[in-house]
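Here's a quick briefing on the model you have open. Take a look at it, then follow the notes below.

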Amino acid sequence: MKHAFVRAALGVALALPLAAQAHKMWMVPSATVISGDDAWVTVDAAISNDLYYPDHFPAQLDQLVVTAPDGSMVKPENPSTGKYRSTFDLPVPQKGTYRLALVNQGLFANYEVDGQKKRWRGKPEDVKTAIPANAKNVQLSEMASRVETFVTQGSPSDGALKPTNKGLELVPVTQPNDLVAGEKATFQLIVDGKPAANLKVVAINGATRYRNGQDEIDTTTDKDGKFSFTWPSAGMYWVNASTEDTKTSVKEAKQRRLAYTATLEVLPQ
């Protein structure tokens with residue numbers, strides 16, 4: 001039952017315009033740059049009202065994909081899902097940059113039964129049995145999101161940073177584990193491998209629980225899908241963008257909604 005609530009919460013968050021999102025999904029590693037032959041990180045993952053303070057739902061780890069510097073897949077250890085957050089430990093023995101991603105895909109439906117509005121989120125193969133035959137005003141949307149963070153052991157590398165060319169993805173121009181307050185960082189957003197132009201991108205420094213405002217900064221991607229931020233201060237930043245199109249893989253869905261989120265650590269000068 002808890003998993004159903006989490007899926008519904010994620011579906012609602014993806015369905016809302018970016019500016020309206022109260023609940024934000026994230027992953028935060030215990031460290032983003034580490035060294036040592038027996039190096040590990042512990043990662044928290046949640047959907048919360050306040051950034052990096054788990055107070056709403058845990059993120060589900062069944063779609064977690066960890067890519068090592070050499071492109072191989074890494075299996076997390078000690079995964080656990082509690083009331084408000086999920087955690088896992090990750091060994092990082094290889095030198096270079098690891099990419100950690102929660103990859104979610106599915107359908108989101110709005111419909112009415114006997115005059116009552118209903119919502120459903122799940123897998124495409126389940127939609128025919130999940131929605132009652134007497135449902136009216138059925139609206140289906142395909143949804144896909146990526147929630148990422150990056151960890152570097154020793155010197156950074158780019159082997160794990162290659163895109164899959166599926167959905168909305170971030171291609172680092174500036175190395176994501178080499179960000180410094182006051183310095184400009186540049187990235188690129190792509191959709192299905194092609195530049196995502198004219199997308200709004202928002203960055204929010206974490207610990208919003210202790211501020212009166214979000215203090216977000218925003219920009220827009222250029223014709224090549226590139227955007228830049230000059231970080232105003234050090235901290236763990238939540239970076240987010242979303243878009244919509246009609247390039248669905250499920251014929252019943254008329255719309256595809258895409259979202260990308262990253263947690264990036266910005267170090268002091």
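Which residue in E14 is the bridge partner of Val 191? That would be Lys 194. Keep in mind that this is a predicted model.

**Strand E13 and its partners**

- Strand E13 covers residues 184-191, and seven of its eight residues are buried, so the rest of the structure largely encloses it.
- E13 pairs with strand E14 (residues 194-195) in the antiparallel sense, over two bridges.
- The hairpin of E13 and E14 has two residues between the strands, and there Asp 192 takes a positive phi near 55 degrees.
- E13 also pairs with E17, again in the antiparallel sense, and here the pairing runs over five bridges.
- If you want a handle on that E17 pairing, go to Lys 184, whose bridge partner in E17 is Thr 230.
- Strand E11 (residues 168-172) is another antiparallel partner, joined to E13 by five bridges.

**Strand E11 itself**

- Why is E11 described as largely enclosed by the rest of the structure? Five of its five residues are buried, which is the reason.
- Both faces of E11 are covered. One side carries Leu 168, Leu 170 and Pro 172, the other carries Glu 169 and Val 171, and all of them are buried.

**The largest pocket**

- The largest pocket holds about 390 Å³ of space.
- There are 27 residues in its lining, and the closest to the pocket centre are Val 103, Arg 146, Thr 164, Lys 166 and Gly 167.
- The elements giving two or more residues to that lining are strands E5 (64-67), E8 (96-113), E10 (136-153) and E19 (255-267).
- Which of the elements gives the most to the lining? It's E8, with five residues.
- By residue type, the lining splits into nine nonpolar, 10 polar and eight charged.

- Gln 153 is found in strand E10, and it counts as buried because its relative accessible area is 0%, against a cut-off of under 20%.
- The side chain of Gln 153 reaches the backbone oxygen of Val 92 at 3.2 Å.
- Not counting residues up to four places away in sequence, Gln 153 touches Ile 34, Ser 35, Gly 36, Ala 39, Val 92, Pro 93, Gln 94, Lys 95, Gly 96 and Tyr 98.
- Arg 257 lies in strand E19, and with a relative accessible area of 18% it is buried too.
- The side chain of Arg 257 makes a polar contact with the side chain of Gln 255, at 2.9 Å.

**Val 28**

- You'll find Val 28 in strand E1 (residues 24-29).
- Is Val 28 buried or exposed? At 17% relative accessibility, Val 28 counts as buried.
- Leaving aside neighbours within four places in sequence, Val 28 is in contact with Thr 42, Val 43, Asp 44, Tyr 52, Met 236 and Thr 263.
- Val 28 and Ala 101 are 73 residues apart in sequence, and their C-alpha atoms are 11 Å apart in space.

**Asp 222**

- Where does Asp 222 sit? Its place is in the loop between strand E16 (217-220) and strand E17 (226-230).
- Asp 222 counts as partly exposed, because its relative accessibility of 35% falls between the 20% and 50% cut-offs.
- The side chain of Asp 222 reaches the backbone nitrogen of Asp 224 at 2.8 Å.
- Apart from neighbours within four places in sequence, Asp 222 is in contact with Ala 196, Ala 197 and Asn 198.
- Asp 222 and Ile 47 are 175 residues apart in sequence and 30 Å apart in space, C-alpha to C-alpha.

Methods:
Residues are numbered from 1 along each chain as its sequence is written. This is a predicted model: local features need pLDDT of at least 70, side-chain atom pairs count only at pLDDT 80 or more; totals for chains, interfaces and linings use all residues. Side-chain values use heavy atoms; hydrogens and water are left out. Helices (H or I, at least four residues) and strands (E, at least two) are DSSP runs, numbered from the N terminus. Buried means under 20% relative accessible area, exposed over 50%, partly exposed in between (1.4 Å probe, protein chains only). Contact means heavy atoms within 4.5 Å. A polar contact is a pair of N or O atoms within 3.5 Å; within protein, one must be able to donate a hydrogen and the other to accept it, and residues adjacent in sequence count only if both atoms are side-chain atoms. On a 1 Å grid over the protein atoms alone, a cavity is a set of points where a 1.4 Å probe fits but cannot get out, and a pocket is an open set with protein on both sides within 12 Å along at least five of seven lines; lining residues have an atom within 4 Å of a point. Grid points are joined across faces, edges and corners, and a volume is the space filled by probe spheres set on the points. Ala, Val, Leu, Ile, Met, Phe, Trp, Tyr, Cys and Pro count as nonpolar, Asp, Glu, Lys and Arg as charged, and the others, Gly among them, as polar. Two strands pair if DSSP finds at least two bridges between them.
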